[in-house]
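Work through the exercises below with the sequence and the model side by side. Try each task before reading its solution.

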Amino acid sequence: MNQEYKFSFPVEGGNFDDTGKISIEIKRLLKGLGIAGDVLRRTAIAIYESEVNIISYAWRGNISIRVTDDSILINIQDSGPGITDIEKAMQQGYSTADDRIREMGFGAGMGLFNIKNCSDSFEILSETSKGTLLKISINR
Amino acid sequence: MLGEIDFERQEAFSCFEVLNSGLFPWDLEDVFPGGNREMTLLKIKELLDARVLAGEEHLDTEVTTAFSADLMSDVLAFAKPGSIMITGLTNPQIVRIASIVDNSAILIVRGKIPPDETITLAEELGIPVLSTKYILFETSGRLYANGIVGCIRKIEGPGSVVPL
């Protein structure tokens with residue numbers, strides 16, 4: 001059976017109150033497609049951290065998901081300031097977060113590291129003053 | 001070192017002597033591998049004199065593991081499904097995080113009462129919320145002493161994250 005599902009959600013930068021809403025909705029949809037256990041958890045965690053990143057740092061962004069028979073492919077794209085030093089941003093504990101982000105319990109420099117840790121493949125591209133593209137996949 | 005403690009004698013021993021006597025467990029995980037199967041949200045509520053703010057109907061849920069943090073990224077990294085989240089934060093994000101990692105409940109410490117949005121969301125997503133006046137350290141210690149164990153014991157290697 002070669003079935004494929006695709007869906008996409010816009011994320012608004014700076015909308016702190018709704019942080020996590022989209023991730024919860026995506027988790028519900030994936031559950032409905034029969035994805036469960038560790039795969040569902042890792043996907044949901046990676047998406048949550050990505051949603052936090054867009055809301056915290058970008059102007060606007062998009063989370064799109066493609067579910068195939070053997071993997072979940074997630075593209076997280078944003079228009080925003082971009083990441084000047086990706087190597088540094090990937091390090092645990094490095095963060096440029098402000099108080100607003102820290103009050104929510106984020107901004108400790110764990111986000112990208114957590115996302116990478118949940119993924120089976122991880123690619124990040126960023127251009128200063130334009131935005132960031134994160135391409136990850138999780139094997140089913 | 002003490003061979004045996006004679007309680008009749010009511011002699012005073014130092015904590016160190018008692019713990020080293022081998023009669024009391026240093027490590028609760030040796031006594032309750034994977035956590036005490038008899039612990040429920042109701043027992044946690046009683047132990048910590050906690051108020052139930054949401055999910056009263058789920059108090060019979062068994063809880064064997066916990067993760068204490070005020071840093072939600074750490075909860076995302078380390079919390080196990082079914083564990084109780086112990087935190088001093090009260091914003092609605094804690095409920096969404098709990099739903100993502102499948103926490104069995106949220107236990108808010110230091111007597112904080114969350115805003116209505118947090119409670120409404122918790123009812124909506126079916127996640128029980130309790131609030132205790134004990135501080136994070138006391139709360140964690142009291143639960144550990146009753147056989148609730150951590151989601152992980154320590155970080156492997158030089159500050160790396162344990163694979164999920």
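From the N terminus on, chain B runs α-α-α-β-β-α-β-α-β-α-β-α-β. That gives seven helices and six strands; helices (H or I, at least four residues) and strands (E, at least two) are DSSP runs, numbered from the N terminus. The model is predicted: local features need pLDDT of at least 70, side-chain atom pairs count only at pLDDT 80 or more, and totals for chains, interfaces and linings use all residues. Residues are numbered from 1 along each chain as its sequence is written, chains are lettered from A and ligands numbered from 1 in the order in which they are written, and side-chain values use heavy atoms, without hydrogens and water.

**Exercise 1. Describe chain B as a whole.**

Step 1: burial. Of the 164 residues in chain B, 46% are buried (under 20% relative accessible area with a 1.4 Å probe, protein chains only; exposed is over 50%, partly exposed in between).

Step 2: contacts (heavy atoms within 4.5 Å). Take those in chain B with a separation of 6 or more: residues 24 or more positions apart account for 51%.

Step 3: surface. Chain B has an accessible surface of about 8,500 Å² (Shrake-Rupley method, 1.4 Å probe), and 54% of it belongs to carbon and sulfur atoms.

**Exercise 2. Why is helix H5 of chain B largely enclosed by the rest of the structure?**

Step 1: count. Nine of the nine residues of H5(B), residues 93-101, are buried, so the helix is largely enclosed. Among them are B:Gln93, B:Arg96 and B:Val101.

Step 2: find the neighbours. In chain B, the buried residues pack against helix H4 (72-78), strand E3 (84-87), strand E4 (105-108) and helix H6 (116-125). H1 and H2 of chain A also take part in this packing.

Step 3: look just past the helix. There, B:Asp102 takes a positive phi of about 60°.

**Exercise 3. Trace the five-stranded sheet of chain A.**

Step 1: order. The open sheet reads E1-E2-E3-E5-E4, with antiparallel pairing. Two strands pair if DSSP finds at least two bridges between them. Strands E1 (5-12) and E4 (121-127) are the edges, each pairing on one side only. From one strand to the next, the twist averages 10°.

Step 2: helix cover. Helix H1 (21-32) of chain A packs on the sheet, touching E1 and E2 (60-67). The directions of H1 and E1 make about 170° (axes are lines fitted to C-alpha atoms, for helices over the stretch in contact; angles run from 0 to 180 degrees between N-to-C directions).

Step 3: bridges. E1(A) and E2(A) share eight, with A:Pro10 partnered by A:Asn62. Seven bridges join E4(A) to E5(A), residues 131-139, and A:Phe122 pairs with A:Ile136.

Step 4: faces. In a regular strand the side chains alternate between the two faces of the sheet. On E2(A), the covered face holds A:Gly61, A:Ile63, A:Ile65 and A:Val67. A:Arg60, A:Asn62, A:Ser64 and A:Arg66 make up the uncovered face.

**Exercise 4. Which element gives the most to the lining of the largest pocket?**

Step 1: contributors. Elements giving two or more residues are H2 (37-57), E3 (71-79), H3 (86-90), H5 (111-118) and E5, of chain A.

Step 2: pick. H2(A) gives the most, with seven residues.
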